[in-house]
Amino acid sequence: MMPSHDNRQPAPKRGLECPGCGGTHFRVLYTRRAVGGRLLRRRECRHCGRRLTTYEAAFA
Ligand SMILES: [Zn+2]
């Protein structure tokens, strides 16, 4: 049930790069609602596996 390829990823905000390797492809580990109605996304770099947390504005 787990597809090896995830093509459903929303485009991250422009300019998001892995601070470790500069890669721009991330796998989204999970999304949750953060304080203030924003969305917190936990991402993992597809190249080096480094994990980042991003906050995105949520559309009410
Ligand atoms: Zn990386």
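Close-up 1. Cys 45 is buried, with a relative accessible area of 2% (buried: under 20%; exposed: over 50%; partly exposed: in between; 1.4 Å probe, protein chains only). The model is predicted: local features need pLDDT of at least 70, side-chain atom pairs count only at pLDDT 80 or more, and totals for chains, interfaces and linings use all residues. Residues are numbered from 1 along each chain as its sequence is written, and side-chain values use heavy atoms, with hydrogens and water left out. The zinc ion is coordinated by the SG atoms of Cys 18, Cys 21, Cys 45 and Cys 48 at 2.3 to 2.4 Å. Donors are N, O and S atoms within 2.8 Å of the metal (3.2 Å for Na, K and Ca); water is not among the atoms, so sites may look incomplete.

**Close-up 2. Geometry and spacing of the zinc donors.** The angles among the four donor atoms run from 102 to 119°, and the site is tetrahedral (four donors with all angles between 85 and 135 degrees). Along the chain the donors follow the spacing C-x2-C-x23-C-x2-C. Cys 21, in the segment before strand 1, and Cys 45, in strand 2, are 24 residues apart and link distant parts of the chain. Strands are DSSP runs of E with at least two residues, numbered from the N terminus. Cys 21 counts as partly exposed, at 40% relative accessibility.

**Close-up 3. Salt bridges of Glu 44.** A salt bridge is a side-chain nitrogen of Lys or Arg within 4 Å of a carboxyl oxygen of Asp or Glu. A search of the whole structure finds four of them. One joins the side chains of Arg 27 and Glu 44, at 3.3 Å from N to O. This pair links distant parts of the chain, with Arg 27 in strand 1 (residues 26–33) and Glu 44 in strand 2 (residues 39–45), 17 residues apart. Arg 27 is partly exposed at 37% relative accessibility, while Glu 44 is buried, at 15% relative accessible area. Glu 44 also meets Arg 51 in a salt bridge, at 3.0 Å from N to O.

**Close-up 4. Salt bridge between Arg 43 and Glu 56.** The closest N and O atoms of Arg 43 and Glu 56 are 2.8 Å apart, in a salt bridge. Arg 43 belongs to strand 2 and Glu 56 to strand 3 (residues 51–56); this pair, 13 residues apart, links distant parts of the chain. Both Arg 43 and Glu 56 are buried.

Methods: Helix = DSSP H or I, 4+ residues; strand = E, 2+ residues; numbered from the N terminus. Tetrahedral: all angles 85-135°; square planar, octahedral: opposite > 155°, others 65-115°.
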